[in-house]
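Student: Could you walk me through reading a helix and its charged side chains?
Tutor: Gladly.

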Amino acid sequence: EITWVTGVQTCALPIFETVSVNSPIYIVWLETELKKLGVVFERRQVGSLSDAFASFGGVSAVVNATGLG
């Protein structure tokens, strides 16, 4: 449905809010916060996600943080 409000054409579209994140700034902040909590970061080259899990043995999460450089 199209309606006119004070001479401006409008239509009934959903309005939503979203978040925009500056990834390079966020990843540095995230690394800092995680280190405060005792998280250890290791750099390794792996060929696949399954290789990443296998190379660390017994971990429940592997994070691809390639934005760290």
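We will look at a helix, then at its salt bridges.

Tutor: A word on the source: this is a predicted model, where local features need pLDDT of at least 70, side-chain atom pairs count only at pLDDT 80 or more, and totals for chains, interfaces and linings use all residues. Residues are numbered from 1 along each chain as its sequence is written, and side-chain values use heavy atoms, leaving out hydrogens and water.

Student: How many residues does helix α1 have, and what span does it reach?
Tutor: Helices are DSSP runs (H or I, at least four residues), numbered from the N terminus. The expected span is 1.5 Å times one less than the number of residues. Helix α1 covers residues 23-36, so 14 residues, and reaches 20 Å from first C-alpha to last, close to the 20 Å expected. After α1 comes G38, with a positive phi near 90°.

Student: How many salt bridges does a search of the whole structure find?
Tutor: Side chains of opposite charge can pair when their charged atoms come close. The criterion is a side-chain nitrogen of Lys or Arg within 4 Å of a carboxyl oxygen of Asp or Glu. The search finds two. In one, E31 meets K35 at 3.2 Å, N to O; these residues are four apart in α1, about one helical turn. In another, K36 pairs with E33, the closest N and O atoms being 3.1 Å apart; they lie three residues apart in α1, also about one turn.

Technical notes: Helices (H or I, at least four residues) and strands (E, at least two) are DSSP runs, numbered from the N terminus.
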